[in-house]
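Hello,

Here is the structure I promised to pass on. My notes follow below it.

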Amino acid sequence: MTRLKAGKINVEFEAAPQGAETTADDGYVQVDREGNFVGAQISGCVVEKVEGCVKVTRPAGAIMFLDEAGHITVENMTTKSVGIENLFEIESFAMRTVDQLRIYRVEYFGGGYVEVTYSQEGQVIELIGYNIKQSISKDNEILVRQGDSASGQVH
């Protein structure tokens, strides 16, 4: 095993016939013999390469899948809240009720939208959008803003 210091982080590198594993503090990254990503564990999240996508399992149990086309699917996540990062980007806002579900829709200037569906109890059931960027905090708070271009629908 080779040990290096990269700034303030101690890094260990272990090569094996099937590939290599690099560790830094409490995380690690694994690659195969050709240097292709196999898996990782970072800040309590487990990252795995699975059929046609990358799977990220968060400590609270939420699972995110990112496929090769850039589509994201989230499972088992209890969203605490959804917020809009920049109100200046908003062209319109609408709320409608369908079968006791509240659906909020924000349209952005220049294209794109985000739509959030809440249950009668106030829990987020679905978030869909087009040309958006989103970040998710460790407390499952989602912050949404307009994306850079028309990149397709996300779930």
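Glu115 and Arg96 form a salt bridge, with the closest N and O atoms 3.6 Å apart. A salt bridge here is a side-chain nitrogen of Lys or Arg within 4 Å of a carboxyl oxygen of Asp or Glu. Glu115 sits in strand β13 and Arg96 in strand β11 (residues 90-98), so the pair ties together parts 19 residues apart in sequence. Strands (E, at least two residues) are DSSP runs, numbered from the N terminus. Glu115 is buried at 10% relative accessibility. Arg96 is partly exposed at 40%. Buried means under 20% relative accessible area, exposed over 50%, and partly exposed in between (1.4 Å probe, protein chains only). The two also belong to a salt-bridge network with Arg105 and Glu107.

A note on the basis. This is a predicted model, in which local features need pLDDT of at least 70 and side-chain atom pairs count only at pLDDT 80 or more, while totals for chains, interfaces and linings use all residues. Residues are numbered from 1 along each chain as its sequence is written, and side-chain values use heavy atoms, with hydrogens and water left out.

The salt bridge count is 7. Two others:

- Lys133 and Asp148 meet at 2.7 Å, N to O. Lys133 is in strand β15 and Asp148 in the loop between β16 and β17 (153-154), 15 residues apart. Lys133 is partly exposed at 30%; Asp148 is exposed at 67%.
- Lys55 pairs with Glu48, the closest N and O atoms being 4.0 Å apart. Lys55 is partly exposed at 21%, and so is Glu48 at 31%.

Now the core. The largest nonpolar core has 13 residues. Such a core is a set of buried Ala, Val, Leu, Ile, Met, Phe, Trp, Tyr and Cys residues joined through side-chain atoms within 4.5 Å. Tyr108, Val114, Val116, Leu127, Ile132 and Val144 touch the most other members. Two or more residues each come from β12 (101-108), β13 (113-118), β14 (124-130) and β16 (141-146). β13 gives the most, with 3.

What does Val144 contact beyond its neighbours within four places in sequence? Its partners include Val82, Ile84, Tyr108, Val114, Leu127, Ile132 and Lys133. Contact means heavy atoms within 4.5 Å.

Asn131 is in the loop between β14 and β15 (132-136). Asn131 is buried, at 6%.

Overall, the protein chain has 0 helices (H or I, at least four residues) and 17 strands. Of its 155 residues, 27% count as buried.

Best wishes
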